[in-house]
Amino acid sequence: MSSGDRDLWTFDRLDRIGGHPTTVLGDPRVVDTLVGKAIEFDGVDDAIFVDVHPLAGAETFTWEAIFRPDGGRAEQRWFHLQEAGTDNRMLFEIRVIDGRWCLDSYVHSGDAQKALMNRDRLHALGAWYHVAAVYDGRELRNYVNGAQEGAAEIRLAPRGAGRSSIGVRINRVDYFKGAIHVARFTRRALPASEFLTVTSR
């Protein structure tokens, strides 16, 4: 669903996400959860592909998601935005460390690339979290539940058209174990006060 400079993708069906047709691998399933409907991935071979890059052309952005990491492998790429024909990409990843997890937000744009990952900020598995990556044209920042965890100055060119993978890296490695409730893509840098919030139902 698109509204002005924002696109909202709700994970409440398998055949379409954000109004776009999907290609489904494995057996991800729609489940009822404390925050509403979500799509659950088994961490083995479940994934969804969408032939759209929701932030193509954006000079600044806020990429948000509400998700629940459930453990699994040490490295998991659970949301991947890929520009067609290049290595330019944006990733939400997690690292599972000693039964907890930390966020890894990665961007690659031409000669510029950066991973924001704070291994000292570990979070419990099996709970719902809001995560965000924000770029204001000068600085990339990432957040968990509204608290900033990393920042770096970087110059990112606007991305071209491409596609997205959910639950796995675009080349089908490093599958995600957990669930995703919603994602929102905004073509400007939002303050944390305007982020989506995790609300139990």
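Which strand does Val 134 lie in? Val 134 belongs to strand β14, and we will come back to this residue below. The model here is a predicted one, and its secondary structure consists of 18 strands and zero helices. The radius of gyration is 15 Å, close to the 17 Å that the globule rule gives for 201 residues, so the protein is as compact as a globular protein of that length.

**Overall build**

- Taken along the principal axes, the C-alpha atoms fill a box of roughly 40 × 40 × 30 Å.
- Buried residues make up 54% of the 201 in the protein.
- Among contacts with a separation of 6 or more, 65% are between residues 24 or more positions apart.
- The protein exposes about 8600 Å², and carbon and sulfur atoms supply 45% of that area.
- There are 26 positive and 28 negative side chains, and the centres of these two sets lie 1 Å apart.

- Strand β8 spans residues 61-69, and nine of its nine residues are buried.
- In a regular strand, side chains alternate between the two faces of the sheet.
- Both faces of β8 are covered: one side carries Phe 61, Trp 63, Ala 65, Phe 67 and Pro 69, the other carries Thr 62, Glu 64, Ile 66 and Arg 68, and all of these are buried.
- β8 pairs with strand β14 (residues 129-135) in the antiparallel sense, over seven bridges.
- β8 is also joined to strand β18 (residues 177-186) by eight bridges, and these two strands run antiparallel as well.

- Val 134 has a relative accessible area of 0%, so it counts as buried.
- From C-alpha to C-alpha, Val 134 and Glu 64 are 8.5 Å apart in space, while 70 residues separate them in sequence.
- Not counting residues up to four places away in sequence, Val 134 touches Phe 61 and Thr 62, along with Glu 139, Leu 140, Arg 141, Tyr 143, Ala 189, Leu 190 and Phe 195.

**Tyr 143, in β15**

- Tyr 143 is found in strand β15, which covers residues 139-144.
- Its relative accessibility is 8%, and because the cut-off for buried is under 20%, Tyr 143 counts as buried.
- Leaving aside neighbours within four places in sequence, Tyr 143 is in contact with residues including His 130, Val 131, Ala 132 and Val 134.
- Other contacts of Tyr 143 include Leu 103, Gln 148, Glu 149, Ala 192 and Phe 195.
- Tyr 143 and Arg 121 are 22 residues apart in sequence, and their C-alpha atoms are 11 Å apart in space.

**His 53, in a loop**

- His 53 sits in the loop between β7 (47-50) and β8 (61-69).

Definitions and conventions
Residues numbered from 1 in each chain as written. Predicted model: local features only at pLDDT ≥ 70, side-chain atom pairs only at ≥ 80, totals over all residues. Heavy atoms only, no water. Helix = DSSP H or I, 4+ residues; strand = E, 2+ residues; numbered from the N terminus. Rg over C-alpha atoms; globule rule 2.2 N^0.38 Å. Buried < 20%, exposed > 50% of the residue type's maximum accessible area, 1.4 Å probe, protein only. Contact = heavy atoms within 4.5 Å. Areas by Shrake-Rupley, 256 points an atom, 1.4 Å probe, with all protein chains shown as cover. Lys, Arg positive; Asp, Glu negative; His and termini not counted. Charge placed at Lys NZ, Arg CZ, Asp CG, Glu CD. Pairing = 2+ DSSP bridges.
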